[in-house]
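Here is a short tour of one protein chain, written for someone who likes to check things on the screen. Have the viewer open and follow along.

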Amino acid sequence: MDAAILLALGLLVQGLGLSLGVPESWRPSTLHPWRRAGALSRVRRAWVIPPISVSENHKRLPYPLVQIKSDKQPLGSVLYSIQGPGVDEEPRGVFSIDKFTGKVFLNAMLDREQTDRFRLRAFALDLGGSTLEDPTDLEIVVVDQNDNRPAFVREVFVGRVLEGAAPGTYVTKAEATDADDPETDNAALRYSILQQGAPEVFSIDEHTGEIRTVQVGLDREVVAVYNLTLQVADMSGDGLTATASAIISLDDVNDNAPEFTRDEFFMEATEAVSGVDVGRLEVEDRDLPGSPNWAARFTILGGDPDGQFAIRTDPKTNEGVLSLVKPLDFESRERHELQVLVQNEAPLQAAAPRAVRGQARVTVWVQDANEAPVFPENPLRTSLAEGAPPGTPVAMFSARDPDTRQLQRLSYSKDYDPEDWLRVDAATGRVLTQRVLSPASPFLKDGWYRAVILALDDASPPRTATGTLSVEILEVNDHAPALAPPPQDSLCSEPHLGAGLLLGATDEDLPPHGAPFVFQLSPGAPELGGNWSLSQVNVSHARLRPRQPLPEGLHRLRLLLRDSGQPPLQREQPLNVSVCRCGPDGACLPGAAALRAGGPGVGLGALVVVLASVAVLLLLVLLAARRARGRPARRDKALLAQPHDDLRDNVLNYDEQGGGEEDQDAYDINQLRSPAELAAPSLPLGLGRPALRRDAPYGRGRPLPTRGQRASPADIASFIREGLAAADSDPGVPPYDTALIYDYEGDGSVAGTLSSILSSQGDEDQDYDYLRDWGPRFARLADMYGRP
């Protein structure tokens, strides 16, 4: 077959001016068949090379593929060459050409799965390097061989299907690939199942690889998992092969009902207890453990009318656990027979067989035990009037013993009685008071008192019952209302002016023994009704007003207050009211002569004592003030001390001031005026000399000599010294260095202010150097307060 193909290719190539590398025995005898008789004209053909096919994995190397030839020059005068992949491009060295003969050779084995064809360029040149023919394409096609096995895309295929599925149900799909040419049989794959066990349960489509069920009867409880061995082969099933596995699991359905392991169960339970387990009910289910098809659910069909039992499912063992919800009573019932049903959480398949033991009978025997006493009414609520005396019965708080088949005796005691108010009879449970309960007890909450009583039987071991006794303390009307201090103690004397006096009342009793209160004037003083009126404002207040104009002063009234208790209590109280003159707005006028009462019940004697005390106190204050004014002023220090004295002590130690500049009886202010001011016109005739001070020790003073003007600083200092000496030598007036005795300076002074010494500016802002020009004493002041 290969020889026939090569022969045909050789004839075709020779007709186109090429020669293939075929055996010489198969080549035609004529090298150029187009060269015929001379009579025929030569036809020019194009230099075209058809595709050349070569089988992959060819082992006889080098192998001639084709010979190219140009008829432009005689043989031997043409140079041939090729270029492209496999020659001068990767993969290099696969093809080569004889440059003189034009033969193309295959030098290496080809792999179609790597490169399925090569495209080369062929060139023909003369010996001088000139182009004889246009470059032409040379295509080499690699022919596929079945040198690759098919391969599954995975080693294990997994599928799931419900048990009992119908035939033809899709399960999973197997897939495989082949690297050979998919257009040839080398990649034509076929699937099959080599092994799946007997009987044949699954089938596979040989073309698609789909796996489906074949027959009915898939039962997970019989076979849960199937392992299949799959095969794939190329060449349409006759070539190379590969294998893989398929694991198919059956999904459970509820096709098996749960069943009890026995028809009847026997258990025991102790009476008077609850919340405990009695026993277990065993069941069987062939479905998948842990699934809803397997999980059991129990129902009590009968035998438990009071709901004393309950059954829960143990999720690990699927057993039913019978427990007590309510305590059992041996005395009333010694045995309980229950009818119990078991089912699955998931519904049972319609075609599944019914359970044989889907129901069971459970017998529970009750065991007798010592039960605790029981208070028939717990908590017990009762009531008692407040202030009940000791020995007052409160309640009969007795219990009963449920153990009727056992002779037992009960005893009673207190467990909680925070005020130790109650006493309990140990034999009967009778509760009495043993002292009076204080209404202010902190254990009295909203009028209720709580105590805890114990009842104990004499069995072995003994049992105790706890009872709560709640006693409501009933309010008793045992407090009369009292008048509250009014917000004001005076009212207007005119009936039509002012708001009157607002009166209020309080009561220590709780409702309903308090408000509303009744206010009225004392019936024992009927004359009060002619002068006064009382009007109710609300349940706890009333307003007092005069009926006619009343004289100013203190008025004493008596009021009667009554509460709303049963029976009602009343109280008569005095009320002192101060009546005053008032303005149009009803307010008391300043300086009114009315006496002010301190509150209800304040008497006239108390007011007299208070006023007398105030008068004595004022008298003592006046005497002390007069004694202080009568003291003589100190004269042991001059205004300016000797140069070495501390002048500040002499200035600041004065504690008394006189009457100011307008007090001219003992001082001549002209003596301290500046020399320039002394030149002013003299006083008019007839005025006489200045009057002496009324507080001077002598009735008159010696006339002061008239001094002339001073111009220079030395003259000013001399002027001041002379003035001081003149003042000191006058026995009729205090010396001028007692300037601090002034207690009132008056207004309109013509003298300069002295406040510059105590200016808001600090000493560091004053310049005292000018004092040095006033004499040695002022120089001393300049040294003390001037710049350092």
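## A glutamate and a backbone nitrogen

In this predicted model, a polar atom of the glutamate 56 side chain lies 2.8 Å from the backbone nitrogen of arginine 112. A polar contact here is a pair of N or O atoms within 3.5 Å; within protein, one must be able to donate a hydrogen and the other to accept it, and residues adjacent in sequence count only if both atoms are side-chain atoms. Glutamate 56 sits in the loop between β1 (52–55) and β2 (63–67). Strands are DSSP runs of E with at least two residues, helices are runs of H or I with at least four, and both are numbered from the N terminus.

Leaving aside neighbours within four places in sequence, the contacts of glutamate 56 (heavy atoms within 4.5 Å) include Leu110, Asp111, Val142 and Asp147.

## Aromatic pairs

Rings of Phe, Tyr and Trp (its six-membered ring) pair if their centres lie within 6.5 Å; planes under 30 degrees apart count as stacked, over 60 as edge-to-face and the rest as tilted. By this rule there are eight aromatic pairs. One of them joins phenylalanine 95 and phenylalanine 118 edge-to-face, at 5.0 Å centre to centre and 75° between the planes. This pair links distant parts of the chain, 23 residues apart: phenylalanine 95 in β4 (residues 95–97) and phenylalanine 118 in β6 (residues 117–126).

Phenylalanine 95 is buried at 3% relative accessible area, and phenylalanine 118 is buried at 4%. Elsewhere, ring pairs join Phe152, Phe157 and Tyr191 into a cluster.

## A two-faced strand

β26 pairs with β32 (residues 464–474) in the parallel sense over six bridges; DSSP must find at least two bridges for strands to pair.

## Reading the model

Residues are numbered from 1 along each chain as its sequence is written. Local features need pLDDT of at least 70, side-chain atom pairs count only at pLDDT 80 or more, totals for chains, interfaces and linings use all residues, and side-chain values use heavy atoms, with hydrogens and water left out.

Note on methods: Buried means under 20% relative accessible area, exposed over 50%, partly exposed in between (1.4 Å probe, protein chains only).
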